[in-house]
Amino acid sequence: MITIKNKMTLTENDYLTICKLECKLFSKDNNTLNYEEIKKMLDNISFRVVIYKDRNNEILGYCIFSFFEKDADIFKIGVNENFQKKGIGSKILDKIKTEYSSIILEVSKRDKTIEFLSLIHIWRCRRSHKC
């Protein structure tokens with residue numbers, strides 16, 4: 001199940017689970033948001049989070065983003081390490097695409113995934129001939 005939530009629809013368990021995933025995924029990079037930072041960010045009316053849950057209602061992935069009109073600016077995206085490479089991240093992005101016309105994602109040059117994402121972008125451009 002994939003849902004877009006805001007501060008009114010998030011539960012305390014949602015916040016805690018996102019925080020735990022955040023710590024597991026990003027603590028090595030010193031780029032981890034703590035509970036208070038996540039809560040403060042999502043208290044802002046212009047921020048939302050996409051949550052991907054499995055059949056047991058366990059959060060496997062999330063994406064925190066801000067929005068303005070029809071543009072979504074991704075701030076953080078993460079998928080449980082045990083479930084990566086299974087299309088969850090793509091499904092989360094697809095959910096955002098159904099609600100917003102453009103998605104903005106800034107990445108750090110230190111991030112090794114940039115090379116991978118760049119290759120995907122080049123491949124998609126070549127495939128659609130719309131570079």
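This is a chat about one predicted model, working from its overall layout to single residues.

Colleague: What am I looking at, and how many helices and strands are there?

Modeller: It is a predicted model. The chain has 4 helices and 5 strands. From the N terminus on, the order is β-α-α-β-β-β-α-β-α.

Colleague: How much of the chain is buried?

Modeller: Of its 131 residues, 31% count as buried. As for contacts between residues at least 6 apart in sequence, 53% join residues at least 24 apart.

Colleague: Where is confidence lowest, and where is it highest?

Modeller: The lowest mean is 44, in helix α4, residues 113-128. The highest is 95, in β2. Over the chain, pLDDT averages 81. At least 70 is reached by 81% of the residues.

Colleague: What about contacts for residues 113-131?

Modeller: The model has 7 contacts beyond four places in sequence for that stretch. Its pLDDT stays under 50. Where pLDDT is low, predicted coordinates should not be read in detail.

Colleague: Which way do β1 and β2 run, and how many bridges join them?

Modeller: They run antiparallel, with 4 bridges. Strand β1 covers residues 2-5. T3 has I51 of β2 as its bridge partner.

Colleague: And how many bridges join β2 to β3?

Modeller: There are 7, and this pair is also antiparallel. β3 takes in residues 59-68. V50 stands opposite C63 of β3.

Colleague: What sits in the hairpin of β2 and β3?

Modeller: There are 5 residues between the strands. N57 takes a positive phi there, near 70 degrees.

Colleague: Which other residues have a positive phi?

Modeller: E69 and K85 are two examples. Phi of E69 is near 55 degrees. Phi of K85 is near 70 degrees. Neither is glycine. Most residues other than glycine have a negative phi.

Colleague: Where are E69 and K85?

Modeller: E69 lies in the loop between β3 and β4. K85 is in the loop between β4 and α3, residues 88-99.

Colleague: New topic. What makes up the largest nonpolar core?

Modeller: The core has 17 residues. I38, L42, V49, Y62 and I64 touch the most other members. α1 (12-26), α2 (35-43), β2 and β3 each supply at least two residues. The largest share, 6 residues, comes from α1. A second, separate core has 12 residues, including F65, V79, I92 and Y100. In soluble globular proteins, nonpolar side chains tend to be buried together.

Colleague: What is Y62 in contact with?

Modeller: Beyond four places in sequence, its contacts include I18, L21, L25 and F26. V49, V50 and I92 are also among them.

Colleague: Which residues of α1 are buried?

Modeller: D14, Y15, T17, I18, C19, L21, E22, L25 and F26. What covers them includes β1, α2, β2, β3 and β4, residues 71-79.

Colleague: How far does α1 reach?

Modeller: With 15 residues, α1 reaches 21 Å from its first C-alpha to its last. That is close to the 21 Å expected at 1.5 Å a residue.

Colleague: D14 is on that buried list. Why does D14 count as buried?

Modeller: D14 has a relative accessible area of 2%, so it counts as buried. The cut-off is under 20%. D14 lies in helix α1.

Colleague: What does the side chain of D14 make a polar contact with?

Modeller: The side chain of K5, at 3.0 Å. Not counting residues up to four places away in sequence, D14 touches K5, T9, I51, K53 and I59.

Colleague: And K5: where is it, and is it buried or exposed?

Modeller: K5 is in strand β1. At 13% relative accessibility, K5 counts as buried.

Colleague: What else is K5 in contact with?

Modeller: Besides D14, K5 is in contact with L10, R48, V49, I51 and K53, leaving aside neighbours within four places in sequence.

Note on methods. Residues numbered from 1 in each chain as written. Predicted model: local features only at pLDDT ≥ 70, side-chain atom pairs only at ≥ 80, totals over all residues. Heavy atoms only, no water. Pairing = 2+ DSSP bridges. Buried < 20%, exposed > 50% of the residue type's maximum accessible area, 1.4 Å probe, protein only. Contact = heavy atoms within 4.5 Å. pLDDT = per-residue confidence, 0-100. Core = buried A, V, L, I, M, F, W, Y, C linked by side-chain atoms within 4.5 Å. Expected span 1.5 Å × (residues − 1). Polar contact = N/O pair within 3.5 Å; in protein donor to acceptor, adjacent residues only side chain to side chain.
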